[in-house]
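Me: I am new to this structure and would like to go through it step by step. Could you show it to me before I ask about its parts?

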Amino acid sequence: MTTTHAVVATAYGASDVLELREVPLDGPGEGQVLVDVKAAGVNPIDWKLYSGAFGTDPDNLPMRLGLEISGTVAAVGPGVDGLKPGDDVIAAGQIGGYADQIIAAADEVFKKPASLSFDEAAGFLLTGQTAVHLLEATNVTEGDTVLIHGAAGGVGLLATQLAKARGATVIATASAARHDQLRGYGAIPVEYGPGLQERVSAIGPVDAALDLVGTDEAADVSLALVADKDRIATIAGFGRAASDGFKALGGGPGADPGTEVRRAARPELIRLAGNGELKVTVDRTYPLAEARQAHEYGQTGHARGKIILQP
């Protein structure tokens with residue numbers, strides 16, 4: 001057995017519970033791959049896990065973090081076909097990516113398109129599959145108008161592009177500072193805050209709404225403007241979804257995890273990103289040892305794209 005450096009949550013709480021530690025690392029077993037991590041994507045689920053939002057079982061501590069990485073294959077276990085040492089890859093779904101090395105199931109590992117940097121490659125698969133789940137759940141198709149609350153974040157930027165690719169019109173809520181960025185992706189930006197419903201209504205009817213922020217404003221405006229509650233979905237406002245009867249997706253209480261939809265979306269997302277049809281925006285990078293600062297920045301809600309940790 002060898003060791004690797006990894007970020008762990010030592011307790012439940014705020015970002016000050018994060019530490020960089022040396023942790024044990026076994027070699028790859030049957031159907032597994034050892035990956036030298038070059039970049040790890042930061043996602044809101046990472047800090048929600050140690051915040052206590054999903055429970056505070058002490059048996060889960062110290063808690064490894066990180067669900068998407070890019071890197072280079074260092075070794076493969078028995079029964080692994082199609083991957084070999086030296087291959088540059090993307091992996092998603094295996095917790096523990098905030099590390100120098102990680103063991104991943106081979107079926108969660110994909111070859112990295114050469115056109116993507118390691119930072120870009122670590123920043124779109126988890127958010128992209130979430131965006132696909134949202135669009136599938138609300139049946140967004142050509143000719144629809146979809147309202148995306150929180151469109152300037154990691155999921156929002158990809159959801160905007162994927163909705164446009166389906167032939168939909170996108171109305172995107174964000175602060176005024178993000179509007180030019182969203183126009184660049186073909187969206188119609190509107191500023192959130194008092195009067196949002198009127199500003200959106202002035203643009204035209206809305207067929208579907210995606211809530212990526214979990215605010216009462218997002219829920220209230222969506223319910224007011226979308227006639228069919230089955231075409232409203234949230235990845236953050238789980239309480240409102242339960243009380244008001246619209247869809248909750250992801251890892252929250254009562255939410256549809258969409259495991260098969262998300263898994264099936266990965267090859268196409270990689271193809272789209274690789275050929276430039278899906279643009280990956282990296283906002284900031286941090287050394288692995290500064291995971292705490294990366295999470296604090298992510299929790300401000302001001303990120304203009306993906307946050308990446310670099311071992």
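**Strands, helix and loops**

Reply: Strand β5 (residues 68–76) and strand β6 (residues 88–92) run antiparallel and are joined by five bridges, where helices (H or I, at least four residues) and strands (E, at least two) are DSSP runs, numbered from the N terminus. This is a predicted model, in which local features need pLDDT of at least 70 and side-chain atom pairs count only at pLDDT 80 or more, while totals for chains, interfaces and linings use all residues. Residues are numbered from 1 along each chain as its sequence is written, and side-chain values use heavy atoms, with hydrogens and water left out.

Me: Which residue of β6 is the bridge partner of Thr72?

Reply: Strands β5 and β6 run antiparallel and are joined by five bridges, and two strands count as paired if DSSP finds at least two bridges between them. In β6, the bridge partner of Thr72 is Asp88.

Me: In β5, which residue is the bridge partner of Ala40?

Reply: Strand β5 also pairs with β3, in the antiparallel sense and over seven bridges. Within that strand, β5, the partner of Ala40 is Ile69.

Me: How many residues of strand β10 are buried?

Reply: Strand β10 (residues 169–174) pairs with β9 in the parallel sense over five bridges, and Leu147 stands opposite Ile171 in β10. Buried means under 20% relative accessible area, with exposed over 50% and partly exposed in between (1.4 Å probe, protein chains only). Strand β10 is mostly covered, and of its six residues the number buried is five.

Me: Why are the buried residues of α10 on the same side of the helix?

Reply: The buried residues of helix α10 (residues 291–299) are Ala291, Ala294, His295, Tyr297 and Gly298. They lie on the same side of α10 because they cover an arc, taken from the directions from the helix axis to the C-beta atoms, of only 160°.

Me: What covers the buried residues of α10?

Reply: Contact here means heavy atoms within 4.5 Å. What covers these residues includes the helix α1 (44–51) and the strands β15 (282–287), β16 (306–310), β1 (2–9), β2 (18–25) and β3 (32–42).

Me: How far from the ring centre of Tyr297 does Arg284 lie?

Reply: A charge sits over a ring if NZ of Lys or CZ of Arg is within 6 Å of the ring centre and within 35 degrees of the ring normal. The charged end of Lys112 sits over the ring of Phe118, 4.9 Å from its centre. Arg284 lies over the face of Tyr297, and its distance from the ring centre is 3.7 Å.

Me: Which peptide bond is cis, with omega near -10°?

Reply: Most residues other than glycine have a negative phi, and most peptide bonds are trans. Pro62 has its place in the loop between α1 and β4 (63–64). The cis bond with omega near -10° runs from Leu61 to Pro62.

Me: What is the value of phi at Asn139?

Reply: Asn139 lies in the loop between α3 (125–137) and β9 (145–149). Asn139 is a residue other than glycine with a positive phi, near 55°.
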